[in-house]
Amino acid sequence: LLVVWTGGPANDLNRPTTVPYYDSGLYVINNSQPVSHKNQLVLIKNDPNYNEAWPRAVVPYSAVHGVAEPASHDNLPNDGSLHTELPAGTPYGLVGASSLYKRESFPSRGYGAFDGLDPFNTAQNFPSSNWVIQGADAGKYDNSDIWAVRIVAMEPNTDRRYGPRATELDGTDFHNHANERLRILGEIPVRKFDAQGQPILDPEGNPDTSFLAKIPADTPFTFQTLDRNGMVLNMSQTWHQVRPGEIRADCGGCHAHSQLPLAFEQTAASKADYTIFDLSKTTPLITPGSGGDPGLDEPAVSLTNVEFLRDIRPILQRSCVSCHSGEEPAGQLSFDDLDLYNGIPGDYKRLAEDVTARWGYPPVIPNIRWRQTNASRYIRRFQSRRSLLMWKLFGQRLDGWSNDDHPTESVPGDASTLPPGASTDLADLDFTGTIMPPPDSGVPPLSDAEKILFARWIDLGAPIDTAGIRGNPGLGWFLDEQRPALTISEPRPNTNELAPQRIRFAYADAYTGINADTLSVRASFPVQGRPANTELRDLAVSVGDGIFEISLEDAFQSAVEEAHIWIEIADQQGNITRIDRRFSSPPSTVFFIDSFEAR
């Protein structure tokens, strides 16, 4: 039995001792017999300079699976044949869906009083699968509430408690409710109307809610369905990506697993006259509109961030702190406390991270904690339309229930004032009034655009950039840790049936953008008179959006069993992507043609 053993912690815990720190080793337990002491382990390797982990038995593939190698699939051609928006060699892909009406995002079990959705703040454990197992519905809504889809990019999260700079830095320098950096690639309206203003229907008779968007390849993303206020109705709980030149439009509905999907080819988004949203060039965003229907702004930026210190706190200080301050702040919610609590400022903690109910009105359940998806009294994680803060901003209850559907205490935080016989596990909050400043106060109210900004902030997990607070500026929420997309479409990897005539490569980046000065192209063979292993970047000619070619002319007059092309590029943050393309080539084929024969 292969095992890892360490005399100290194997993670961030400090038990049973804090030393040695992250210094495990690889061992064998002979005959898989129980052992009670380290001396019974057989050492494989334990170097104090390394933290060895995850031992693997190295055996031939055939020894495990009975065949020499796994079955192979054809490479994605990326040859321009799939869609006009994806020319040969593109670094982009297309993503879409046929319908947002055809969905099974609703949970399959849960409290009857909450229609299978997660209850407001019950003391019961796992009372609903909503936002946990199946589906992710933010309250009750009808399909008629669906207005747009938000495509959210996700970035990796480097834990800087590890590695050579662990003594200089201190872990993750941002916080949100998923501990994942989430950024908006775009918000795409999905309702379509004809020249007479009538809804365009799909083949199943529902309003056509199909969409198709162009995004940088190799960029993790997920989906959020939005209502007319730009608030999340449901959210995908898995991440996706597209490879260069790939189309992912086979989604037949949100979690619609038990029914036949609606074919994308039968929808409006598949038609030639559909305008594909190019999220690599602009970030469409829902804006307040007249008559109840929102508008659309399309700033020429690659994506949109929303963060507490930069975007939310200034609005709180301008329009809210005058009432929410002092010894008796309105609603017992104070925004003038900027002291730090474990590195997080007090105004953020009270609003978005108070599960222990340290401040303000307490919950009514016996363990006096905010549970389920509640981050505080005012915010539910990723559910702006179920958050009391948004009800106050919009001046109405937004979660699909009414105040009469569930019991609520008449005195905030006092369980004894619940209706007689009411269970605390079935209680929720009521909407009671708004937070508009008095007309003569001189305090400007929030604009409709600012209200949508608050919704986006909540639906991205209420992010806050703590890097500057912790003394690590530039390493927090706004840090770009996603490497750029880089692809080589010619030569193909491994065997090429014909001698390659060009090096075709492409690059793109979803956030900070490409640093073109970092491009490097080299080959293991002479190119255009230049010796092998010399720089070729200046020979690259642009042939499309991020696509470049270098002619190989007569580089392969004879067969080559193994050749390499090395390309690398960095983004503006300094993240580098490298490709080592290994391939073989037959000799060039020359055709002689005259009026009698071809050979």
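In this predicted model, the backbone nitrogen of Tyr101 sits 3.0 Å from a polar atom of the Ser99 side chain.

**Around Ser99**
- Ser99 belongs to the loop that runs between β4 (92-97) and β5 (148-155).
- Because its relative accessibility is 2%, Ser99 counts as buried.
- Setting aside residues up to four places away in sequence, Ser99 touches Asp202, Thr209, Gly252, Gly253, Cys254 and Leu262.

**The four-stranded sheet**
- β4 is part of an open sheet of four strands with mixed pairing, in the order β11-β4-β8-β12.
- At the edges you will find β11 (247-251) and β12 (277-278), each pairing on one side only.
- Three bridges join β4 and β11 in the parallel sense, and Val95 stands opposite Arg248 in β11.

**The nonpolar cores**
- The largest nonpolar core has 54 residues, of which Leu351, Met390, Phe454 and Trp457 touch the most other members.
- Elements that each supply at least two residues of this core include β5, β7 (181-189), α3 (346-352) and α5 (448-459).
- Its largest share, six residues, comes from α4.
- Beyond its neighbours within four places in sequence, Trp457 has contacts that include Val306, Phe308, Ile312, Tyr348, Leu351 and Pro463.
- Another core, of 32 residues, lies apart from the largest one, and Ala97, Val190, Phe211 and Phe277 are among its members.

Key. Residues are numbered from 1 along each chain as its sequence is written. This is a predicted model: local features need pLDDT of at least 70, side-chain atom pairs count only at pLDDT 80 or more; totals for chains, interfaces and linings use all residues. Side-chain values use heavy atoms; hydrogens and water are left out. Buried means under 20% relative accessible area, exposed over 50%, partly exposed in between (1.4 Å probe, protein chains only). A polar contact is a pair of N or O atoms within 3.5 Å; within protein, one must be able to donate a hydrogen and the other to accept it, and residues adjacent in sequence count only if both atoms are side-chain atoms. Contact means heavy atoms within 4.5 Å. Two strands pair if DSSP finds at least two bridges between them. A nonpolar core is a set of buried Ala, Val, Leu, Ile, Met, Phe, Trp, Tyr and Cys residues joined through side-chain atoms within 4.5 Å.
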